[in-house]
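Subject: Structure handover

Hello,

The structure is below, followed by notes on what was found in it. Please read the notes with the coordinates open.

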Amino acid sequence: MLTKVESLRKVLELECEKGYADTAVIGGLDKFLRRWAGQALESITTPRLMTHIRRLRLDDPRYASLNQQQRQKWIADIFAFLESIKTEKDAEKPPPKRAAPPAPRRRVAAAPEATGQSLDLPITSLKGVSTAMAAKFKRLGVQTIRDLLYFFPHRHLDYSRSIFISELTEGEEQTITANVWQSQVTMLGGRRGTEAIVGDETGNVRAVWFNNPYIAKSLPTNARVVLSGRVRLFGGRHVFESPEWELLEDKELVHTGRLVPLYSLTRGLKPRQVRKLMKQVVDRFAGQVEDFLPLNLRERCRLVELPQAITQAHYPEDEAAKDDARTRLAFDELFLLQLGVLGRRRKWQESQPGTPVSLDKPVLDTFLKSLPFELTAAQQKVLKELLSDLEKPRAMSRLLQGEVGSGKTVVATAALLAAAASGCQGAFMAPTEILAEQHFSSVSELLSRTAGEVSEEDNLRRFSGLLAKPLTLALLIGDLKQASKKEIQRRIRDGEIDIIIGTHAIIQKEVGFNKLGLAVVDEQHRFGVAQRSALRQKGFNPHVLVMTATPIPRTLALTLYGDLDLSVIDELPPGRQSIKTRWLKQAQRASAYAFLRRQVDEGRQAFIICPLVEESEAIQARAAVAEYERLSREVFRDLKLGLIHGRLSAAEKDGVMHKFRSGELDILVSTPVVEVGIDVPNATVMLVESADRFGLSQLHQFRGRVGRGSQQSYCMLLAENPSEIGRARLDLIEKIQDGFQLAEEDLKLRGPGEFFGTRQSGLPDLRMAKLSDVKLLELARAEAIRLFEQDPGLRSPEHGLLAKELARVWQAGGEWS
């Protein structure tokens, strides 16, 4: 400080000698004094000196505007100030070697008191939580005290390492502990905010809070404060911009100086407000949460106790404690999920008997021999598994996975025929009307090869010569006229219809079955387990076959469909070729169109997939409607184009698809409705717009729409400016044809929620678990199976808390009872 004092003194003495003419330094005294004061303020360690400098306005001098007499008096005042600090001891001594700054004190919270307050009380029972605040939390899925305890932060900021002010660096998250020298309301960016100067033994730093003038009153002079946040350079000096702050008192830090939680927010909730409430709730109530895991299981898996895990998940002591907490809580979620699906399976299979199907082998043999192809070995194996299940008095629960074109529909038709031959009804449910209609058409065609068609009405087909009585097939979708719908519903109730094909309309309350023996659900992940359960309740515990063309990694299948046995058709029919796949950039669009045109000239057809129905600024993907008009007008004026999107009625979609299948249209422009099931053997080109917007599994589904015939097929993926993950996806789909391998990669890239497009309904939320964590998932499944084998009803006294928690979690998920 003395060095700075001497340089100022010499300049002022020279100014006096020059008659106060503002010529002592080039550029004038004002410029020199501002620079001097800025450097001095950074090194001052006492509020008294700082106040004196500001009172003399050394940081904002206006010397040039003063007359000679005023200049003489002002410089005299400065000399008096310099004399007063000249005698300060050790002012010029180099600072002693410093130890690392002490970390801000983080008093460990005392063990929570047993308040006896129920964890299931609404959060309005907490002090300080108004009805208005509770309404905001409700938007985040939080209604009870227990919900708050399980309202985990999505990440933590690491403010745990405290440094000296002299060690601050630009751009990093940092924490300091300092004294408040000055705090005031000031104008920042045209609005009132707070500016503070804080210091430690190594120097001072400025902190500003924009649009927050109230903070100034909360930072009294000489108070000890902890600041955590990012520092930037402003005018060559470090400045904390809107840091988290906390006065250092005899209590545990919440917002600074530790791993600080970041919670999901909604309009009207502020980060500090939520953190403060969460800290109070965790300290008071985490100790009341009963640990439902049996002690021997917890010790075997080396899991921390539940109250400790909840506490450390919110306010961890360090990274290791946070990781231990996540492992415990993630295990709980996966373990309860596994127990739930195992329990549901046991309930379906054992609580009431299934309907055994008496196989009519001659009928099945006749059907299979009438097919224009032989079943592959994989199809034969799966059909054998299905028929074996159908004969048992225990209801079948089976998931059938198979690539696009692997022949799942013919296997399902054989199973439905077996049920009908046994005097039972069969239901075949698809996720969309267009696919239900296609299944109706496909099954009708397969059956007509074996039997003569007696009659054909709207949405009804009758086939003779296969069973003792005519076999009746019906289509039930939401788009039917009310009179037709009611008539079909009556016939289903009266047992006049043997096989019903439809959408979710099949599980509506108005539809009752006479004797439902088998339910086939196509593209299961689009329905969710709640709908599947509703379908089961339509009959006397029918057999259920779930089919999907989306290859699902085994770990994910075992988790989400743990109540189902797995069957896989892992073999394509002979003659199916690999589809040549290329990722193209925007500049290659013209060559893509030229290639597509050449294919059409050779008599082929093409799909063009666009992600959205109408333009959206948020997602710069081409809209199907606008793209259809552009292509028809500008690119393929001489070709016949059709358009399908979700806003068309079923009749309109069916009309377009019929034209495309029959060859009346050359190109079908479509939204992702074409993703599953649509079968046009003459289509050889798939062009996907904004391909980086789709996941690998979805792109693989699009690709599977072509290559259904004998001709070489192609998939072109257009992407204008893909992200790093989008680029990785496109590279993978170019190289890999195997759907299961792609599914594994997709899961790694995107996680299970996006993998399915929409969250699986009817299952408990996974807040901490990641389904890509295979080891933890397998551990949880192994422990669930082990426990289930020992005590399937969870009736043992040591499993009482677990049974209670299982019921609570699955009721919240919508499925367990």
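By class, the residues that line the largest pocket are 12 nonpolar, 14 polar and 12 charged. Here Ala, Val, Leu, Ile, Met, Phe, Trp, Tyr, Cys and Pro count as nonpolar, Asp, Glu, Lys and Arg as charged, and the others, Gly among them, as polar.

The model is predicted: local features need pLDDT of at least 70, side-chain atom pairs count only at pLDDT 80 or more, and totals for chains, interfaces and linings use all residues. Residues are numbered from 1 along each chain as its sequence is written, and side-chain values use heavy atoms, with hydrogens and water left out.

Largest pocket

The largest pocket holds about 1100 Å³ of space. Its lining has 38 residues, and those closest to the centre are Gly407, Thr409, Ser442, Asp679 and Arg708. Helix 13 (408–421) and helix 14 (433–450) are the elements that give two or more residues to this lining. Helix 14 supplies the largest share, 7 residues. A pocket is an open set of points on a 1 Å grid over the protein atoms alone, where a 1.4 Å probe fits, with protein on both sides within 12 Å along at least five of seven lines; lining residues have an atom within 4 Å of a point. Grid points are joined across faces, edges and corners, and the volume is the space filled by probe spheres set on the points.

Overall figures

The protein has 26 helices and 23 strands, taken as DSSP runs numbered from the N terminus (helices: H or I, at least four residues; strands: E, at least two). Of its 817 residues, 53% count as buried, where buried means under 20% relative accessible area, exposed over 50%, and partly exposed in between (1.4 Å probe, protein chains only). Among contacts (heavy atoms within 4.5 Å) between residues at least 6 apart in sequence, 72% join residues at least 24 apart.

Strand 4

Strand 4 (residues 203–209) has 6 of its 7 residues buried, so the rest of the structure largely encloses it. Strand 3 (residues 191–200) runs antiparallel to strand 4 and is joined to it by 7 bridges; two strands pair if DSSP finds at least two bridges between them. Glu195 has Val208 of strand 4 as its bridge partner. Strand 4 also pairs with strand 6 (residues 237–241), in the parallel sense, over 3 bridges. Ala207 stands opposite Phe240 of strand 6.

Ser406 sits in the loop between strand 9 (397–402) and helix 13. Ser406 counts as buried because its relative accessibility is 0%. Not counting residues up to four places away in sequence, Ser406 touches Gln379, Ile569, Glu571, Leu572 and Pro573.

Arg146 belongs to helix 6 (residues 145–149) and, at 16% relative accessibility, counts as buried. Leaving aside neighbours within four places in sequence, Arg146 is in contact with Leu119, Asp120, Glu805 and Arg808.

Ala64 lies in the loop between helix 3 (47–55) and helix 4 (68–86) and is partly exposed, at 47% relative accessibility. Asp22, Asp30 and Arg71 are the residues Ala64 touches, not counting those up to four places away in sequence. Ala64 and Asp30 are 34 residues apart along the chain, with 7.0 Å between their C-alpha atoms.

Regards
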